[in-house]
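User: I am new to this structure and would like to know what stands behind the terms used for it. Please set each value against its definition.

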Amino acid sequence: VADALPALSCAYDMENAGYCVLIPLQHQMHHRVGQALVSAQQVGLKILLPLALTLLTFLAFFFVLGKAFCGWVCPLGTLQELVQRVGRRLGLPLHALDKTGTRRVRPVKWLILLGLVLALPLLTGLGVTPHEFGNPYCDVCPARIATTLLTGNTEQLAINAASPLSFAIGALGNTLFGFVAVGALAIRQPFCRICPMLALNGAFRHLSLTRLVKAPHDKCASCGICAQACPMDIHEIQRRSGRAAFHEDCTLCGRCAEYCPEDDVIAIKFGPWRLFRSTRAYYKRRIKGESPQGEIKPLKRAPRPVPERS
């Protein structure tokens with residue numbers, strides 16, 4: 001009977017070649033399922049938990065400040081603004097991107113986020129790509145050089161020549177920093193347009209308490225001053241309102257609200273509270289010193305009194 005029904009044969013019976021199904025089942029639970037669950041637990045503790053804490057920390061910070069980090073905190077953004085003002089003082093022409101130009105540039109920040117920030121480091125951890133691609137975005141980010149130079153440290157200007165790939169990455173980083181430093185003279189916020197942090201902030205922008213709001217107005221279609229004032233060349237701010245007016249490229253710098261000539265059309269809010277709102281009176285004062293495009297207007301000097309002839 002045992003030979004006829006091998007599935008019921010005991011594995012310890014040396015007189016036949018059959019195996020009871022329970023013995024391989026136990027081995028699978030022991031050597032496969034159990035070890036896989038242990039590995040999954042390690043994945044949770046060593047991979048998923050740190051990743052979740054990193055994202056939750058970012059979201060907690062982002063929930064309060066939102067995209068205002070880009071417009072008010074980022075040191076590279078501040079540096080680009082200062083260089084842009086120098087360009088205006090020197091009388092250099094300002095080159096704004098039209099709708100076609102902005103449409104072509106906008107996907108770049110998402111490609112950098114997916115490729116340099118996420119994909120290449122993951123592939124390096126899996127052993128697919130070289131070690132030099134462990135943190136490729138930071139190796140070419142111009143903020144690495146800009147922020148260290150502001151502290152008087154010039155070490156990041158040196159190019160690592162340990163390998164041809166390291167040299168190429170370092171040279172690319174220095175070239176990109178030079179492009180930003182020179183390009184900001186003629187283009188407002190050139191690197192901000194392709195920054196992966198802008199993409200990350202844009203993906204979660206509606207989760208933040210700090211946001212941009214715009215009410216519909218019948219003069220918006222023919223005005224367009226807010227779009228001219230936007231350093232990111234967001235043309236949608238002119239024709240959109242409500243939730244759609246808060247574009248993914250917006251850095252919450254507030255220039256559109258500053259240069260809106262109508263009362264209460266554009267505002268920056270924190271929860272239910274308005275931090276700043278457009279007013280015609282503020283627009284009139286602002287336009288006297290600087291144009292929406294960033295051109296600095298010279299101060300008008302009072303005419304000298306003509307001395308009376310004796």
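User: Which residues are buried in α1?

Analyst: In α1, the buried residues are I23, F58 and F62. Buried means under 20% relative accessible area, exposed means over 50%, and partly exposed lies in between, with a 1.4 Å probe and protein chains only. Helices are DSSP runs of H or I with at least four residues, strands are runs of E with at least two, and both are numbered from the N terminus. The model is predicted: local features need pLDDT of at least 70, side-chain atom pairs count only at pLDDT 80 or more, and totals for chains, interfaces and linings use all residues. Residues are numbered from 1 along each chain as its sequence is written, and side-chain values use heavy atoms, with hydrogens and water left out.

User: What covers the buried residues of α1?

Analyst: The cover includes α8. N201 is in helix α8, and N201 touches F58, F62, K67, F69 and C70, not counting residues up to four places away in sequence. Contact here means heavy atoms within 4.5 Å.

User: Why is N201 called buried?

Analyst: N201 has 2% relative accessibility, so N201 counts as buried.

User: What makes M29 partly exposed?

Analyst: M29, found in helix α1 (residues 22–65), has a relative accessible area of 48%, and therefore is partly exposed. M29 also belongs to a nonpolar surface patch of about 580 Å², made by V21, L22, L25, M29, V33 and L37.

User: Where does α1 bend?

Analyst: α1 bends by about 35° at G44. The bend at a residue is the angle between axes fitted to the seven residues ending there and the seven starting there. α4 bends by about 35° at A119, with a proline, P121, following within four residues.

User: How do you know that the span of α4 agrees with its number of residues?

Analyst: The expected span of a helix is 1.5 Å times one less than its number of residues. The 27 residues of α4 (residues 99–125) should therefore span 39 Å, and the end C-alpha atoms are 39 Å apart, which agrees.

User: What do the buried residues of α4 pack against?

Analyst: They pack against α5 (136–140), α8 (196–203) and α11 (236–239). Among the buried residues of α4 are R106, K109, I112 and L113.

User: Why is the pair of R106 and E236 called a salt bridge?

Analyst: A salt bridge is a side-chain nitrogen of Lys or Arg within 4 Å of a carboxyl oxygen of Asp or Glu. The closest N and O atoms of R106 and E236 are 2.7 Å apart, and the pair forms a salt bridge. R106 lies in helix α4 and E236 in helix α11, so the pair ties together parts that are 130 residues apart in sequence. R106 counts as buried because its relative accessibility is 12%, and E236 counts as buried because its value is 11%.

User: How many salt bridges are there by this rule?

Analyst: The count comes to 14 salt bridges. One of them joins E290 and R85, with the closest N and O atoms 3.2 Å apart. E290 lies in the segment after α13 (280–289) and R85 in helix α3 (residues 75–89), so parts 205 residues apart in sequence are tied together. E290 counts as buried at 5% relative accessibility, whereas R85 counts as partly exposed at 37%. R85, R255, E258, R286 and E290 are linked in a network of salt bridges.

Technical notes: Patch = residues over 30% accessible without salt bridge, like charges linked within 9 Å, V, L, I, M, F, W, Y side chains within 5 Å. Areas by Shrake-Rupley, 256 points an atom, 1.4 Å probe, with all protein chains shown as cover.
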